[in-house]
Amino acid sequence: MTYNRIISLVPSLTELLIDLGLQEKIVGRTRFCVHPEETVENIPIIGGTKNPRVEKILDLNPDFILANKEENRKQDVRVLQDKSSAHVELTDISTIEEALTTIFQLGAQLGVEEKAAHLVQKINAVLAQRPKTDPLRTVYFIWKAPWMTVGGDTYIHDVMGYWRLENIFGGDKRYPAIELNQLEKRNPELILLSSEPYPFREKHVRPVQKACPDARIILVEGQWFSWYGSRMLTAFEQLNHWREAISQESG
């Protein structure tokens, strides 16, 4: 089946579709679908990832709606499945391998299989260039008030593991909330403060350092760890360079 009217509710996958040459078929996107900026500004906004405007989506008469189990709410997906005649593709991505498989599958469904396969090939080539490093006991913060980190069933956790950043909260599920005074007992060597979804800045380093004085604290680009799709290519290139630099500095 050929799809010609696509709505994407997943920011990183909106970017993927555009990079696969499907921008002319995308009739709606969320306000968080911000890449590539020069292209998405011409695509109508249909709300957010957690609060899409269902009626506006239906008015756009899509034949393919792209959603994600984590990014979008179950009740919104269910309403779209019930009310729309479109095929609703619900992706579920918690590992690098699942992200690569999703690229293949979307390419096949949307008639750009060759481009998708070429992208996956390039991403795998970058993955193969990962530097050899010693593991670092790591905490990755995504939120403040409450302080929230990542559990072992998340995409971020899988990316951390590939670059030998041992997630000390990997035994937990999803996004556990913790108190900063719990950190020192866990003895992390490295604490990462992500740029998204909470926009950590330099001013947030001090309270974390006070709670865990022996750990190294670094502000990091969240999209390296959390955006799957075509951004994996540049993100993993950056992670290779960054991880090697961290290893040399630690040594």
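**Entry 1: the sheet and its helices**

I began with helix α5 (residues 96-109), which lies across β3 and β4 and runs at about 170° to β4. Here helices (H or I, at least four residues) and strands (E, at least two) are DSSP runs, numbered from the N terminus. The angles run from 0 to 180 degrees between N-to-C directions, with axes fitted to C-alpha atoms, for helices over the stretch in contact. Before going on, I noted that this is a predicted model, where local features need pLDDT of at least 70 and side-chain atom pairs pLDDT 80 or more, while totals for chains, interfaces and linings use all residues. Residues are numbered from 1 along each chain as its sequence is written, and side-chain values use heavy atoms, leaving out hydrogens and water.

Helix α4 (residues 74-83) also lies across β3 (64-68) and β4, at about 155° to β4. I then traced the open sheet: four strands in the order β2-β1-β3-β4, with parallel pairing. Strands pair if DSSP finds at least two bridges between them. Strands β2 (26-29) and β4 (87-91) stand at the edges with a single partner strand each, so one side of each has no neighbour in the sheet.

**Entry 2: serine 8**

Next I looked up serine 8, in strand β1 (residues 6-8). Is serine 8 buried or exposed? Serine 8 counts as buried, because its relative accessibility is 0%; buried means under 20% relative accessible area, exposed over 50%, partly exposed in between (1.4 Å probe, protein chains only). Its side chain makes a polar contact with the side chain of threonine 14 at 2.7 Å. For a polar contact I need N or O atoms within 3.5 Å, one able to donate a hydrogen and the other to accept it within protein; residues adjacent in sequence count only if both atoms are side-chain atoms.

**Entry 3: salt bridges**

How many salt bridges does the structure hold? I found six, each a side-chain nitrogen of Lys or Arg within 4 Å of a carboxyl oxygen of Asp or Glu. One of them joins lysine 83 to glutamate 55, with the closest N and O atoms 3.9 Å apart. Lysine 83 is in helix α4 and glutamate 55 in helix α3 (residues 54-59), so this pair ties together parts 28 residues apart in sequence. Lysine 83 is exposed at 54% relative accessible area, and glutamate 55 is partly exposed at 48%.

I also checked arginine 174 and aspartate 153, whose side chains meet in a salt bridge (3.8 Å, N to O). Arginine 174 is partly exposed at 33%, as is aspartate 153 at 24%. Salt bridges that share partners join Glu70, Asp153 and Arg174 into one network.

Conventions: Contact means heavy atoms within 4.5 Å.
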